[in-house]
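Please walk through this protein with me.

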Amino acid sequence: RESDHRAWTPVSCTVTRQNATVQGLTEGKAYFFRIAAENIIGMGPFTETTKEIVIRDPITVPDRPEDLEVKAVTKNSVTLTWNPPKYNGGSDITMYVLESRLIGKEKFHKVTKEKMLDRKYTVEGLKEGDTYEYRVSACNIVGQGKPSFCTKPITCKDEIAPPSLDLDFRDKLIVRVGEAFSLTGRYSGKPAPKVTWLKDDIVVKENDRTKIKTTPTTLCLGILKSVREDSGKYCVTVENSTGSRKGFCQVNVVDRPSPPVGPVIFDEVHKDHMIVSWKPPLDDGGSEITNYIIEKRDAHRDVWMPVTSATVKTTCKIPKLLEGREYQIRIYAENLYGISDPLISDEMKAKDRFRVPDAPEQPIIKDVTKNSAVVIWNKPYDGGKPITNYIVEKKETMATRWVRATKDPIFPSTQFKVPDLLEGCQYEFRVSAENEIGVGDPSPPSKPIFARDPIAKPSPPVNPEAVDKTKNSVDLSWQPPRHDGNGKIIGYLVEYQKVGDEEWKKANLTADSCPETKYKVTGLTEGLTYKFRVKAVNAAGESDPAYVPDPVEIKDRLEPPELILDANMAREQHVKAGDTLRLSAVIKGVPFPKVSWKKEDHEVSPKADIEVTGVGSKLEIRNTVHEDGGIYSLTVENPAGSKTVSVKVVVLDKPGPPRNLQISEVRSDSCYLTWMEPEDDGGSVITNYVVERKDVASAQWVAISSTSKKRSHMAKYLIEGTQYLFRVAAENQFGRGPYVETLKPIKAIDPLHPPGPPKNLHHVDVDKTEVSLVWNRPDRDGGAEITGYLVEYQEDGADEWTKFQTVPMLDCVVTGL
């Protein structure tokens, strides 16, 4: 600021050195100055000059020149250079004065005769081996200034120095595309070195953009309007006869990236989102890709919508899509220096395109041991995405929960050995496939397998023998093999051979058609002799054969019939009426006997079911009635004989009606009933009789006795003159039989007797032909009113009485005497 003003005026805010020249001052004016330091945080406090400074041009002799250096020494010359003084004393430098002093002498001698303004000079004509030191002074209009500091003593001799290299650039250089850059430095060496520039081990040649400038002490490589191809490792070599020096610089010409490499791949397409991927740009612009910018656009609209700008992966999920719409995706790559041109995808419709894999087909199990099994399956359809894993599960057949066989991934193999099975347990297995969408449905369960060691062929059956034969068949029997080879015996194969033939014929084609340890070989020829053998079969195969010891001649075997009675053929069989009668017996005999059933030597009732099998016979009558009782006989007969057994069958039922119901001793209040027991007691003892009466005028029967075991009963408490009907039924433990009823009613009255004789008969008058008689009533009327008196007469001496007449009164006149 001017000393007479208060306001400060800024001079410079960009000075980085510790000095500055203030221009634009007015000569003769007085000024104050102040200085402050500044960093990125802010500006510090000012420091101010202590007193005012008056502006005027002082002119003095120049300051001493600077940086006096010896550039080259030979055996008869020395080349020197220097820089001008910092201050020229206020007047231009008019010339420089170079002086030298021979070591050992006191005075400096002027080397230059002419006026010299160059700051480089070669002193020639020196004597080899002499040693000198040099100084230089600057002169202006005022005069000659102070000399510079002296050089070190210099001996005249030819100098050999290995190259030195001082570079102005670092190991790495980053340049934006389009900008220029240069690599500069200084070098030295005796003799003068050769300078060579290389890029990636190839010599750099000059062209329109590439310039190389080399001076005896400096070197420079400059490139105008740099492009990405200018990136590389630059090397400058400085070489002379004594050696070489190299300098390196990795130049990176940076730019925005090139577009991502297409095409855009739709890894997954769903109705509401897609997953896309792409490849990084071929050229990242010399700087790492910091992120990708992804946008989406409905194919029917012009607006691009941002999806994300934060992803560094080359894949991205595109969310929030509308099902059925077509979309385009565009992708930019971004680095520190800019954003690339976009990569634009084809149009893609939003719909489910990928799914979890299908269920594999039913797996196959092989190589089963007591604790492991190998599960094999075929690869299913992968749902559009590669299968990444298979999941094998196991389950005991009777359990409900499936358990994973292993947590480790199974891929790409389509088989897996399941460990840790429990010996003897039955297992099922299933397989699911997995892709990046998820886990698919499981396969159908495998066929169940038992965890047991693999099976071998069984040993032969034991002790085969022929146990029966007919004219065209042989019955064979044997014991199971001693060793089943750890596998279930499926069955047996029976073979036969006619004696004299070589060929064995199969009696059964498959082992499972003969699961038992017996078999009937049929279709043989009567009279021929055959050999027989049997093989056991399990899942591993057939055993060696076991032979029936002796050949068998085919003919009928005669055995007389034999009956083995069942319990229901005991001597007497009791059956409750309505139940089922069953009679059965086991029948033996060769040939099998003819069977016949009889009842009382007649054919059995048609309602009887008769069954005859190869081992016995059975007779069955359902809903038996009393008439089904009787003696049943079973006869069996074959050419060797016959046999008959009988059984008495009693069908237990209610008894029949009592017989011969009689009524006697009728009185006015009672009567006496008698009867005989029923012809059929129903097969059980009669326990009691039931007696009932009924007034003929009433519809209701009234029980008068139900506990009597006798076959008679006195019916009391009758009402005199009333007519009654009576009926009787018998009862046993199975119920009450039918009633027997009186045919006609009886009247409850006392019985009638002849009256007693009249009393006191005498005559009251006599005539020659007639007599008048009178008498009194008899003492008893015989139980009924007297209806009249019979009068008889007898001539004296005669035997017979003659009836005269019956009179109603107690008197009579007998006439005709």
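Patches here are made of residues with over 30% relative accessible area and no salt bridge; like charges are joined within 9 Å, and nonpolar side chains (Val, Leu, Ile, Met, Phe, Trp, Tyr) within 5 Å. A salt bridge is a side-chain nitrogen of Lys or Arg within 4 Å of a carboxyl oxygen of Asp or Glu. Areas come from the Shrake-Rupley method with a 1.4 Å probe, and for residues only the protein chains shown count as cover. The model is predicted: local features need pLDDT of at least 70, side-chain atom pairs count only at pLDDT 80 or more, and totals for chains, interfaces and linings use all residues. Residues are numbered from 1 along each chain as its sequence is written, and side-chain values use heavy atoms, with hydrogens and water left out.

Ile-59, Val-61, Ile-141 and Val-142 make a nonpolar surface patch of about 360 Å². Ile-59 sits in the loop between strand E4 (53–54) and strand E5 (66–73). Strands are DSSP runs of E, at least two residues; helices are runs of H or I, at least four; both are numbered from the N terminus. Ile-59 counts as partly exposed because its relative accessibility is 47%; buried means under 20%, exposed over 50%, partly exposed in between.

Now the cysteines. A disulfide is a pair of cysteine sulfur atoms within 2.5 Å. The count is zero. The closest cysteine sulfur to that of Cys-249 is in Cys-235, 11 Å away, so too far for a bond. Cys-249 is buried, at 0% relative accessibility. Cys-514 is buried at 2%.

An unreviewed UniProt entry lists "domain: Ig-like" for residues 163–252 and 561–646. Such annotations may be inferred rather than shown by experiment; positions follow the numbering used here, and feature names are shortened. Residues 163–252 are 0% helix and 64% strand, with end C-alpha atoms 28 Å apart. Residues 561–646 are 0% helix and 62% strand, with end C-alpha atoms 16 Å apart.

Technical notes: Buried < 20%, exposed > 50% of the residue type's maximum accessible area, 1.4 Å probe, protein only.
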